[in-house]
Amino acid sequence: MACVTAAFLQAGVSSATQAQPVVPTAKPDLPFAPEVLDMNPRGGAAGPTGAPPISYDPLSGYQGQSLAPTLGAGNLTYAPSFAFEGQSSAEVDQATLYLVAKLTEDTPNLTKGLVWRIFNANPREDGTYEQAAVIKDSDAEVRLDPGVYLVHTSFGKVTATTRHELTNGVTTGTIVLNAGGIRLDAALSGDQPLNDETVRFDIYDMTYDALGNRNLIAGDVKPGELVAIGAGTYHVVSRYGDLNAVVRADLHVQAGKLTEATLHHRAGEVTLKLVSGKNKISLANTAWTVLTPGGDTVASGNGAFLDLTLAEGTYEVLARNGAVTYRDTFEVKSGFRDVEIEIDTEKAQR
């Protein structure tokens, strides 16, 4: 399910040579979101109702949900992009690996935003793996010495690792990632759109670790940003500002489809200022503390003004200027934008 890395799979890939290779047909556009073809991040298969086991992938160092891609080569045509004539004997003895990746069985091959990293399957003495090739934004086509290799496939937040044993000739395969996309936006109640600079999203999986924390799949996601992600259900957190204006939702992503959602906040933006009772001039060098009705501190700061983005509700404020502390309450309503709230030294409690 998740923005995930697969454990090494002991999956065999059949190999085939063709005397007269057939040129593959042109690749159609991706059906669910054309933008995936030009991704520019702003950064057993899991089904809709089940989560795969926890695994660890030494290639990426990531511990999280395991995504097992479907692997097949039954009807994959292959036309080499390089000529076999005039090759040295060493080059002739090499094997050819040709892989394509799909979101689902029924979707076209992925290209842009796709990265293949190929490693020798035998680790070095220090436990690391020797990288044999890196291929980006295309199918994976590479000539290698016969042997066993690990292929790490990544597309957005979806990753998978498969094992391939190469012999002389051509080995082909299709990696089906069982993935889709998610795009998020935020608004205030009443469908007032929120500024890209004030809102960020975090995407978590639905499971908890031993400490009761969810695993972060994608963090600091901007509104409108397209995130490629494994099929499954995710817990999404929308943060408006950096205080308590937070909205949560559980969203389901289907393989091969784009999930779009707008999360609505009941919050507002206010500016506090301490003013003298006579001329209403803001007093500099004021120390601010903002509290919930239960007495929990929400925010603090220093200066003539204090800019805040807060969830809808009533708050208590302490404004200390010189040796005097002024106490007052104020209300934040959903939809407030740049509303000034004055704490009057003549009316506030001391």
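Start by selecting Leu97, Leu110, Trp116, Ile118, Val142, Phe155 and Leu177: of the 24 residues in the largest nonpolar core, these touch the most other members. Keep in mind as you look around that this is a predicted model.

Now colour the strands around that core. Two or more core residues come from each of strand E4 (95-102), strand E5 (114-120), strand E6 (131-136), strand E7 (140-144), strand E8 (147-155) and strand E9 (158-166). Strand E4 gives the most to this core, with 4 residues. Then move on to another core, which lies apart from that one and has 23 residues, including Leu184, Leu188, Ala218 and Leu251.

**The whole protein**

Zoom out for a moment and show the cartoon. The protein has 1 helix and 25 strands. Of its 350 residues, 47% are buried. Switch to a surface view if you like: the protein exposes about 17100 Å², and carbon and sulfur atoms supply 46% of that area.

Next, select residues 179-188, which make up strand E11. Is this strand largely enclosed or largely open? Because 9 of its 10 residues are buried, strand E11 is largely enclosed by the rest of the structure.

- Select residues 226-230, strand E15: E11 and E15 run antiparallel and are joined by 5 bridges. To see one of these contacts, pick Arg183, whose bridge partner in E15 is Leu226.
- Select residues 258-265, strand E18: E11 pairs with E18 in the parallel sense, over 8 bridges. Here, look for Ala186 and its bridge partner in E18, Leu263.
- Select residues 192-193, strand E12: E11 and E12 run antiparallel, with 2 bridges between them. Ala187 stands opposite Pro193 of E12.

E11 and E12 form a hairpin, with 3 residues between the two strands. Click on Gly190 in the turn, which has a positive phi of about 95°.

**Salt bridges**

How many salt bridges does a search of the whole structure find? The search finds 10.

Glu260 lies in strand E18 and Arg183 in strand E11, so the pair ties together parts that are 77 residues apart in sequence. Is Glu260 buried or exposed? With a relative accessible area of 55%, Glu260 is exposed. Arg183, at 15% relative accessibility, counts as buried.

Now select Arg266 and Glu312, whose side chains meet in a salt bridge (3.0 Å, N to O). Arg266 lies in the loop between E18 and strand E19 (267-275), while Glu312 lies in the loop between strand E22 (305-311) and E23, so this pair ties together parts that are 46 residues apart in sequence. Glu312 is partly exposed, with a relative accessible area of 36%.

Arg337 counts as partly exposed at 33% relative accessibility, whereas Glu269 is buried at 16%.

To finish with the charged residues, show Arg200, Asp202, Asp220 and Arg239 together. Salt bridges that share partners join these four into one network.

**An aromatic pair**

The last stop concerns rings. A pair of aromatic rings is described by the distance of the centres and the angle of the planes. The count for this structure comes to 1 aromatic pair.

Select Tyr315 and Phe330, and turn the view until you can see both rings. Their centres are 5.7 Å apart and their planes are at 25°, so the pair is stacked. Tyr315 lies in strand E23 (residues 313-321) and Phe330 in strand E24 (residues 324-332), so the pair ties together parts that are 15 residues apart in sequence.

Technical notes:
Residues are numbered from 1 along each chain as its sequence is written. This is a predicted model: local features need pLDDT of at least 70, side-chain atom pairs count only at pLDDT 80 or more; totals for chains, interfaces and linings use all residues. Side-chain values use heavy atoms; hydrogens and water are left out. A nonpolar core is a set of buried Ala, Val, Leu, Ile, Met, Phe, Trp, Tyr and Cys residues joined through side-chain atoms within 4.5 Å. Buried means under 20% relative accessible area, exposed over 50%, partly exposed in between (1.4 Å probe, protein chains only). Rings of Phe, Tyr and Trp (its six-membered ring) pair if their centres lie within 6.5 Å; planes under 30 degrees apart count as stacked, over 60 as edge-to-face and the rest as tilted. Accessible areas come from the Shrake-Rupley method with a 1.4 Å probe; for residues, only the protein chains shown count as cover. Two strands pair if DSSP finds at least two bridges between them.
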